[in-house]
Amino acid sequence: MKINNETKIGALTAVAITLLILGFNFLKGKSLFSRGNFIYAVYHDTKGLMPSYPVTVNGFQIGAVHDIEATDKSLQTMVVSIKMNSDFKIPANSIAAIKSNPLSSPAIEIVLGDSPVFLKNGDTLFNNPRQANMFDQLTDKIGPVADQLDVTLQSLDAVLKNANSMLDSSTKYNFQVIAANLKRASDNIILSTNYLNTMLHPQTGVLANTMGNVNRFTKNLADNNEHINSMMNNLDKTAQNLSTVDFQRLVAKLDSTANTLNEAVAKINSNEGSLGALINDRQLYTHLNNTARSLNILTDDIRANPKRYLSFNFALIGGKKRDQPYLTAPLVDSVNMKK
């Protein structure tokens, strides 16, 4: 029997479609033949769970999600069928929780119980649908915060765009000048800090030298404490002696002395008495001045012509005396004579 080409093409097309459907379902974790061990779990929220998503126990994959169906049209609860990879012994009081992960796909994690009875094919896992693990709670809290952060970032982006549009070239230059001034100010603060650290150095700083001088000064005071006490005692005695002085009487004596001195000066200024006459009489001053000048001429003449005033010189020498003219003015001092 000869098969025509159209029949061959149709048969190959049917086989290809069948293999395509089987491969697609295999990749999704489904099989056209529902053979194997199945267990079920009921949830109010599947958290994006999809067929072929893994089912683990203590991090080990024991199966995969086979199918998800709603129990009724109100979609209050969903039944998830789990296909086991093998006949594992899972306690009947185990809990199946959906572990959501924002960085990867969600998965079902079975927390093993302690019941001696194990689940059989077709049993339903014990589950509190409203119970969430710590990671789910954290995800639920992060979700609103992330939404709010997204809104905030959008608002900030709009503000930055508006600010960028408002900043012209002159404003940008002003900001650059402000930044440069802030840098110089920070450099000055750093220099001041270094100078302050140098001053406050415990060995070579100015403050350390000052404290050393203060220590030496206080040590000198301590060493000379006895001398200081003696000086203070002497000052105390002097103050006591001064406190015993009759200052009123002393002032009265000084006043009397000043009055007497004033009277004497008044008499001197007047022509009363010899001293007053000597000071105030111009004629007496002239006579005394002339007398002093004549005396000066006489002494110069004696010095220049001593023979004139020695009578015995003529008796010893037989010659005739030559008269020398008398001086009429004092001789110039030999010290001041020009050579």
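Is Lys47 buried, exposed or partly exposed? Lys47 counts as partly exposed, at 29% relative accessibility. Here buried means under 20% relative accessible area, exposed means over 50%, and partly exposed lies in between (1.4 Å probe, protein chains only).

The structure is a predicted model, in which local features need pLDDT of at least 70 and side-chain atom pairs count only at pLDDT 80 or more, while totals for chains, interfaces and linings use all residues. Residues are numbered from 1 along each chain as its sequence is written, and side-chain values use heavy atoms, with hydrogens and water left out.

Salt bridges were examined next. A salt bridge is a side-chain nitrogen of Lys or Arg within 4 Å of a carboxyl oxygen of Asp or Glu. The count comes to 3 salt bridges. Lys47 takes part in one of them, with Asp45 as its partner. Their closest N and O atoms are 3.9 Å apart. Asp45 is partly exposed, with a relative accessible area of 45%.

Asp187 and Lys183 also form a salt bridge, with 3.3 Å between the closest N and O atoms. Both belong to helix H3 (residues 169-199). Helices (H or I, at least four residues) and strands (E, at least two) are DSSP runs, numbered from the N terminus. Asp187 and Lys183 are 4 residues apart in H3, so about one helical turn separates them. Asp187 is partly exposed at 33% relative accessibility. Lys183 is exposed at 54%.

A salt bridge also links the side chains of Lys219 and Asp223 (3.2 Å, N to O). These two residues lie in helix H4. They are 4 residues apart, about one turn of the helix. Lys219 is exposed, at 51% relative accessibility.

The strands form an open sheet. It has 6 strands in the order S1-S4-S3-S2-S6-S5, with mixed pairing. Strand S1 (38-43) and strand S5 (95-99) stand at the edges. Each has a single partner strand, so one side of each is left without a neighbour in the sheet. The twist averages 35° from one strand to the next. For such angles, axes are lines fitted to C-alpha atoms, for helices over the stretch in contact, and angles run from 0 to 180 degrees between N-to-C directions.

Two strands pair if DSSP finds at least two bridges between them. Strand S2 (residues 54-57) and strand S6 (residues 107-111) run parallel and are joined by 2 bridges. Val55 stands opposite Ile108 in S6. Thr56 stands opposite Glu109 in S6. S5 and S6 pair in the antiparallel sense, over 5 bridges. Ile95 has Val111 in S6 as its bridge partner.

Lys99 is placed in strand S5. Lys99 is partly exposed, at 36% relative accessibility. Lys99 and Leu49 are 50 residues apart in sequence. In space, the C-alpha to C-alpha distance between Lys99 and Leu49 is 9.6 Å.

Ser52 lies in the loop between S1 and S2. Phi of Ser52 is near 80°, a positive value in a residue other than glycine. Ser52 is partly exposed, at 28% relative accessibility. Leu75 lies in the loop between strand S3 (60-70) and strand S4 (78-84). Phi of Leu75 is near 60°, again positive in a residue other than glycine. Leu75 is exposed, at 55% relative accessibility.

The structure holds 1 aromatic pair. Phe60 and Phe88 form this pair, which is edge-to-face, at 6.4 Å centre to centre and 80° between the planes. Phe60 lies in strand S3 and Phe88 in the loop between S4 and S5, so the pair ties together parts that are 28 residues apart in sequence. Rings of Phe, Tyr and Trp (its six-membered ring) pair if their centres lie within 6.5 Å; planes under 30 degrees apart count as stacked, over 60 as edge-to-face and the rest as tilted. Phe88 is partly exposed, with a relative accessible area of 29%.

The surface also carries a nonpolar patch. Phe217, Leu221, Ile228, Met232 and Leu235 form this patch, with about 480 Å² of accessible area together. Helix H4 (206-223) and helix H5 (225-244) are the elements that give two or more residues to the patch. H5 gives the most, with 3 residues. Ile228 is placed in helix H5. Ile228 is partly exposed, with a relative accessible area of 31%. Patches are made of residues with over 30% relative accessible area and no salt bridge; like charges are joined within 9 Å, and nonpolar side chains (Val, Leu, Ile, Met, Phe, Trp, Tyr) within 5 Å. Accessible areas come from the Shrake-Rupley method with a 1.4 Å probe, and for residues only the protein chains shown count as cover.
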